[in-house]
Amino acid sequence: MIFCFFELVRDLSHFMVPAPRRRDPYRDPAGAALGLPGTPYLRAGDVVDVEIDGLGRRQQTFQEV
């Protein structure tokens with residue numbers, strides 16, 4: 001991130017007021033807990049492809065640590 005979290009909140013608070021009980025957009029996405037010990041979300045040998053139009057493509061093969 002270019003700016004720290006606190007700077008972003010400070011700047012956004014000048015334009016927006018968070019509603020009570022609004023979901024925090026900075027929390028972990030749904031499914032993040034799938035990587036708990038004993039149930040790894042990604043395993044050694046898994047391949048992840050990420051592509052952004054106009055920017056490029058990245059392929060990552062996971063290895064055991």
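View 1. Together with Phe5 and Phe6, Val9 makes a nonpolar surface patch of about 300 Å². To join such a patch, a residue needs over 30% relative accessible area and no salt bridge, and nonpolar side chains (Val, Leu, Ile, Met, Phe, Trp, Tyr) are linked within 5 Å. Accessible areas come from the Shrake-Rupley method with a 1.4 Å probe.

**View 2. The salt bridge of Arg10 and Asp11.** Here the two side chains meet at 3.3 Å, N to O. A salt bridge means a side-chain nitrogen of Lys or Arg within 4 Å of a carboxyl oxygen of Asp or Glu. Arg10 is partly exposed at 47%, and Asp11 is partly exposed at 36%.

**View 3. The salt bridge of Arg57 and Asp49.** These side chains pair at 3.4 Å, N to O. Arg57 counts as exposed, at 59% relative accessibility, whereas Asp49 is partly exposed at 41%. A search of the whole structure finds two salt bridges.

**Notes for all views.** Residues are numbered from 1 along each chain as its sequence is written, and side-chain values use heavy atoms, leaving out hydrogens and water. As the model is predicted, local features need pLDDT of at least 70 and side-chain atom pairs count only at pLDDT 80 or more, while totals for chains, interfaces and linings use all residues.

How values were computed
Buried < 20%, exposed > 50% of the residue type's maximum accessible area, 1.4 Å probe, protein only. Patch = residues over 30% accessible without salt bridge, like charges linked within 9 Å, V, L, I, M, F, W, Y side chains within 5 Å.
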